[in-house]
Structure formats: structure tokens, C-alpha cells
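This report describes the fold, the domains and a number of individual residues of one protein. The structure comes first, followed by the terms and the findings.

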Amino acid sequence: MSKVKIGVLGARRGSEMIKYCKIADNAQIVAICDKSPEVLDSHKEKEEDLDIAFYDNFEAFIEHDMDAVVLANYANQHVPFAIKCLNKGLHVFSEVLPCQTMKEAVELVEAVEKTGKIYAYGENYCYMPATYEMKKLYQEGMIGEFEYGECEYIHNCEPLWAKITYGEEDHWRNRMYSTFYCTHSLGPIIHMTKLRPVSVIGFEGTKNERNLRTGAKGGQFGIEMVTLENGGIIKSVHGGLYKNSTWYCAYGSKGCMESAREIAGDGDVCKIYLNADEVSGQYGKKRLENYCPTHGHEEKLEGFGHGGSDFYSMYNFVEKIKGNPDADTIDVYEALDMFLPGLFAYRSILDKNAPKEIPDLRNREEREKWRNDTACTDPGAAGDMLLPCSSLGDPQIDRSIYERMEKLWRESKSKK
Ligand SMILES: NC(=O)c1ccc[n+]([C@@H]2O[C@H](COP(=O)([O-])OP(=O)(O)OC[C@H]3O[C@@H](n4cnc5c(N)ncnc54)[C@H](O)[C@@H]3O)[C@@H](O)[C@H]2O)c1
């Protein structure tokens, strides 16, 4: 098979996938779609030497001759576009998050099953050097059976907020609830263990002053306490605590491992610490080491974000399309195993932290219960099941906050 022909919808974050196609041996970028004229124009300029078609609307874009589409549009609008692409015979790479309601989750699973096309969830944090090594070691049995893990994706986006919300009051980042953006933290542990989450208790950071001054209506940060099918437990925390941290650790029946702490300044997601016995209960012979793992293609990683993981998530997607049996992608069921803990954690938060069962949509009968469930914080999708953006309700935020954000965004553009 010659190079896989890729189209990208949403060319802000989508720039990273466009970059992949420009250096890849297995893929080429053939079409870019963004409704924002300035985003489209910036790519017309950057990619002027390439044979790329530019579209400002999805309906024309999807008619282009291509094999696969990258969905890097709004985080809460992936499913309607994914379903249209799958039905058109196109493979789909979806940015985070996979869906925003249970209704969408059922529809997405059924569209993937019906069409037989490849759906790959772009949870790039699974492909960082440390998290990918943790997966490899876990699958080799290095730490035994998973018992407990912690994962953190702390990103204080306040300095970026104007640039990433443009002063739009209803931008998805302003309306997302505290546990929505959960797969950067939970994803790597799910991908590592391949264990299904069965129940969750959610918690919300409600000291929201810093969020409110940017215009964000949800809780400051979210926590999921997740129980897995083998009884193992994960603590996942993510959101806008003041200083950033991306960190993962896992304890098993004969050892533990973790990525370096960002604050230690010692390689963070590129370094792993391992402490494991050969046999559980025999404490003499152990492997105790720390190192910076490599996974091949290092010569191509320069300039790729998130510890080079942005390269690997696309590489594996394209290899999967090409039929490479070693391609490691995240399918639709695993994507939901990463996301549904966050969706149900919010229901737990709204129900005084009561535990919630996490459905398994692999099971066809379970789908019936959720087929019409549109509960979410997006008025465009929720219908009469609209949820408040935080457990404290929807805060009233003065228009001047959004006007200030828009002004800061425009100023930042004119400085370039
Ligand atoms: N994996 C990561 O590390 C990572 C990092 C940043 C963003 N993201 C994800 O990438 C996606 C995009 O985020 P973003 O930061 O680029 O900001 P964004 O969501 O504000 O930008 C989305 C872009 O898509 C375009 N768009 C939206 N709907 C469209 C439509 N119907 N037709 C044409 N164009 C449309 C918009 O004009 C905009 O340029 C989100 O899903 C986000 O979660 C992932």
C-alpha cells in the first residue's frame, strides 16, 4: 500500500498531525479543514509547497479523496463527525475526548462495529517514553498483577486561556466539568493494564476563584477513584492546580514503577523508576533501576510535543491501517474505558460522591439503558438533560471577563 492519505479536521491542535504526515514514510496530508479563516490561512502559508486541498466546511472536506480523517475539532464534538467519516468508509483518529454523552458512546461503538473501519483514540499520553515503557514492563509481568496506581495530569492553563478560548463564553473549555478531561491521567494506566474500570467515586475541587477569573465555569480540578475489574484501585487527578505535573505510578504484586516527577527536574515523562522482585514474596533478587527508555524512531521525534508521544500515536494509527500486526492503537472500547470513569465520576459528584457503576458497552444489552442518555454540560447536545458545569451550579460570570480574554487573544496575535 502506498502512503495513507490523511485529512485533518481542526487545524490548531491538528497542526501536530499535519507535522507527522509531513515527515512520515507511511502517510501524506491531502486535505485540511477548519472553519476559522485565520487558522486555514496560516496553513496555506506554511504548507504552500505541498499538494493539499483546503476546506472551510466539513461537508465539502469529507468528499475529498482520502483514506482517513484526524478529528482535532472541539473536544465535545467528535462523535457526529466520527460517525459521518466511518459511514463514508474512512478510518478515524479521534483527539480527546471520545464522546460527551452516553448516547454518543453507544452510537460511536455501533458505527465502528457496523462499518468495520479503524477507530483509533489519540490518547497520546499512553505513548510517552515512561508510560509506554510501563506498559511494556507490565505486559511482560515485571511488577506482577496490578494492585494500585496513581496518575496526574495537572495543567494550569490560566496563562494560555485567552489563546485557547478566544473570549468565547461557550467554548468547550469554559463549560467542561471537572472530571471531563480525564484520559490524559487515566489513559496510560488503562492502556498499561488493559483492565476494565467497573466503578468510580468522583471528587471536585470547588475553590474556583482562579477558574472564574478566566471565565471557566467548571470545578478547578477533578478526582476519580476507580475500581478495576481485578479489584485494583486507581487515583486519578487532573485539572488546573497551580503548578504543572504529569506523573504515573503503578504498584503490582511483586514490584512498582513510576515516571519521574516533573518537579524533580530529572527527565519527567521521559524517565522511569523501577523496583521489582523476580518472585512475589522472595525479597532477595530484585531489579532496581532508573533509565530513559527508547522505543525506536528517535531520529524522527525532534519537535514533536508531549515527550514525542504525538509522533507515536499517529505512527501506530497509520501502521494499523496498513495492516501492521504490531501497530498499537487504542480502540473504541478502550477509549471508553479511559473516558467513562470521568463521565460517571461527575454523576458521583452531583450525587454527593456516591459510587457509580461504569457500563461496559462491549455488551450489547447494556447499551439499551444508555441509548437516549444525553446528560452533559453542553446545551447543544444535552436537550432536557443539561447538567450544571460544577456541583456548585452554573456561576454567573460577567461579560467583561470574556471581553478581556478576547482582547488578550487579539493582542497576542498581533504581536506575532
Ligand atoms: N492530546 C493532546 O495533547 C491535546 C492537546 C491540545 C488539544 N487537544 C485536543 O484537540 C482538539 C482541538 O483542541 P484545540 O486546542 O485545537 O482547540 P479548539 O478546540 O478551540 O480548536 C478546534 C479547531 O477546530 C475548528 N473547528 C471546530 N469545529 C469545526 C467544524 N465544524 N468545521 C471546521 N472546523 C471546525 C475550529 O475552528 C478550531 O480551529 C480537542 O479535542 C482537544 O481536546 C489534545
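## Terms and basis

A residue is called buried if 20 or more other C-beta atoms lie within 10 Å of its own, exposed if 12 or fewer do, and partly exposed in between, with C-beta atoms placed from the backbone. Helices (H or I, at least four residues) and strands (E, at least two) are DSSP runs, numbered from the N terminus.

The model is predicted: local features need pLDDT of at least 70, side-chain atom pairs count only at pLDDT 80 or more, and totals for chains, interfaces and linings use all residues. Residues are numbered from 1 along each chain as its sequence is written.

## Overall fold

The protein has 15 helices and 15 strands. Its radius of gyration is 21 Å, close to the 22 Å that the globule rule gives for 416 residues, so the protein is as compact as a globular protein of that length. The radius is taken over C-alpha atoms, and the rule is 2.2 Å times the number of residues to the power 0.38. Along the principal axes, the C-alpha atoms fill a box of roughly 65 × 55 × 50 Å.

Of the 416 residues, 49% are buried. Two residues are in contact if their C-beta atoms, placed from the backbone, lie within 7 Å. Among contacts between residues at least 6 apart in sequence, 68% join residues at least 24 apart.

## Domains and their contact

The protein is divided into domain 1 (4-124) and domain 2 (126-297 + 331-385); these bounds come from an automatic or database domain assignment. The centres of domain 1 and domain 2, taken over C-alpha atoms, are 24 Å apart. Their contact takes 19 residues from domain 1 and 25 residues from domain 2.

On the side of domain 1 that touches domain 2, helix H5 (102-115) and strand E6 (119-121) each supply at least two residues. H5 gives the most to this side, with seven residues. By class, this side of domain 1 has 13 nonpolar, four polar and two charged residues. Here Ala, Val, Leu, Ile, Met, Phe, Trp, Tyr, Cys and Pro count as nonpolar, Asp, Glu, Lys and Arg as charged, and the others, Gly among them, as polar.

## Ligand surroundings

There are 20 residues around the ligand, of which Gly10, Arg12, Arg13, Lys35 and Ala75 come nearest. A residue is near a molecule or strand if its C-beta atom, placed from the backbone, lies within 6 Å of it. The shell around the ligand has nine nonpolar, six polar and five charged residues.

## Helix H11

Helix H11 (residues 309-321) has 13 residues and reaches 19 Å from its first C-alpha to its last, close to the 18 Å expected at 1.5 Å a residue. The expected span is 1.5 Å times one less than the number of residues. Glycine 323, with a positive phi near 90°, follows H11.

Of the 13 residues of H11, 12 are buried, so the helix is largely enclosed by the rest of the structure. The buried residues are Ser309, Asp310, Phe311, Tyr312, Ser313, Met314, Tyr315, Asn316, Phe317, Val318, Lys320 and Ile321. What covers them includes strand E1 (4-9), helix H1 (15-23), strand E2 (27-33), strand E4 (68-71), strand E5 (91-94) and E6.

## Backbone exceptions

Most residues other than glycine have a negative phi, and most peptide bonds are trans. The peptide bond from valine 96 to leucine 97 is cis, with omega near 5°. Leucine 97 is in the loop between E5 and H5.

Tyrosine 166, which is not a glycine, has a positive phi near 55°. This tyrosine is in the loop between helix H7 (161-165) and helix H8 (172-175) and counts as partly exposed, with 16 C-beta neighbours inside 10 Å. Lysine 352 also is not a glycine and has a positive phi of about 55°. Lysine 352 is in the loop between helix H12 (332-350) and strand E15 (356-357) and is exposed, with 7 other C-beta atoms within 10 Å.

## Two further loop residues

Asparagine 208 is in the loop between strand E8 (197-204) and helix H10 (209-212). This asparagine is buried, with 20 other C-beta atoms within 10 Å. Leaving aside neighbours within four places in sequence, asparagine 208 is in contact with Gly219, Gln220 and Ser390.

Glycine 231 lies in the loop between strand E9 (221-228) and strand E10 (233-239) and is exposed, with 11 other C-beta atoms within 10 Å. Glycine 231 and phenylalanine 146 are 85 residues apart in sequence and 8.9 Å apart in space, C-alpha to C-alpha.
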